[in-house]
Amino acid sequence: MKKLLLIITCLFCMTTTFGMADDDRPIRVEQLPAKAQQFIKTHFADSRIAISKVDTDWFDKTYEVIFTNGDKIEFNRSGEWKDIDCKHSAVPEAAVPEQIKNYIRTNYQGAVVLSLEKDKNSYEVKLSNRVELEFDKWFNLIDIDM
């Protein structure tokens, strides 16, 4: 029983240590990966950056850029966007994959994309009409949440 309690205590301490291992600190825009800098110049050229940050975990690194109007972009370690969240405006149309734009034009005329998130297997899209769409990595619709 004592060994089991000791093992559980050690596991708890290790998970607590791993949970505290992340390091979120401000950086200059010039310290972002080149792809991220280019994405911002291309799609958010007129927006002013309030802060850019790097979040370093044990096995991963992500970058976050927050604009003065509240919009946010999260980038992965190589500078590819992971999440675009536009609170008071639409995600720039040129940043939305063509297949997703076509689906929205066909099925939700007048709606604009407010949030776009991608991971390695899917895309999540939040529209201005409160509809949430999920596409697989081949841009096939797999879920609708209304």
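Predicted model: local features only at pLDDT ≥ 70, side-chain atom pairs only at ≥ 80, totals over all residues.
Close-up 1. The phi angle of Phe139 is near 70°, a positive value in a residue other than glycine. Arg130, placed in the loop between β7 (122-127) and β8 (132-136), likewise has a phi near 70°. Most residues other than glycine have a negative phi. With a relative accessibility of 73%, Arg130 counts as exposed, on a scale in which buried means under 20% relative accessible area, exposed over 50% and partly exposed in between (1.4 Å probe, protein chains only).

**Close-up 2. The nonpolar surface patch of Leu141, Ile144 and Met146.** These residues together present about 290 Å² of accessible area, computed by the Shrake-Rupley method with a 1.4 Å probe and with only the protein chains shown counted as cover. A patch is made of residues with over 30% relative accessible area and no salt bridge, like charges being joined within 9 Å and nonpolar side chains (Val, Leu, Ile, Met, Phe, Trp, Tyr) within 5 Å. Met146 belongs to the segment after β9 (141-145) and counts as exposed because its relative accessibility is 72%.

**Close-up 3. The salt bridge between Lys35 and Glu80.** The two side chains meet at 3.0 Å, N to O, a salt bridge being a side-chain nitrogen of Lys or Arg within 4 Å of a carboxyl oxygen of Asp or Glu. Lys35 lies in helix α2 (residues 34-43) and Glu80 in the loop between β4 (72-75) and β5 (81-85), so the pair ties together parts that are 45 residues apart in sequence. Both residues are partly exposed, Lys35 with a relative accessible area of 46% and Glu80 with 33%. The count for the model comes to nine salt bridges.

**Close-up 4. A salt-bridge network that includes Glu93 and Arg105.** The side chains of Glu93 and Arg105 meet in a salt bridge of 3.3 Å, N to O. This pair links distant parts of the chain, with Glu93 in the loop between β5 and α3 and Arg105 in helix α3, 12 residues apart. Glu98 and Lys101 join Glu93 and Arg105 in the network of salt bridges. Arg105 is partly exposed, at 41% relative accessibility.

**Close-up 5. The largest pocket, with a volume of about 210 Å³.** Of the 13 residues in its lining, those closest to the pocket centre are Glu93, Ile104, Ala111, Val112 and Val113. Helix α3 (residues 98-107) supplies the largest share of the lining, three residues. The lining divides into eight nonpolar, two polar and three charged residues, where Ala, Val, Leu, Ile, Met, Phe, Trp, Tyr, Cys and Pro count as nonpolar, Asp, Glu, Lys and Arg as charged, and the others, Gly among them, as polar. A pocket, on a 1 Å grid over the protein atoms alone, is an open set of points where a 1.4 Å probe fits, with protein on both sides within 12 Å along at least five of seven lines, and lining residues have an atom within 4 Å of a point. Grid points are joined across faces, edges and corners, and the volume is the space filled by probe spheres set on the points.

**Notes to all views.** Residues are numbered from 1 along each chain as its sequence is written, and side-chain values use heavy atoms, with hydrogens and water left out. Local features need pLDDT of at least 70 and side-chain atom pairs count only at pLDDT 80 or more, whereas totals for chains, interfaces and linings use all residues.

Note on methods: Helix = DSSP H or I, 4+ residues; strand = E, 2+ residues; numbered from the N terminus.
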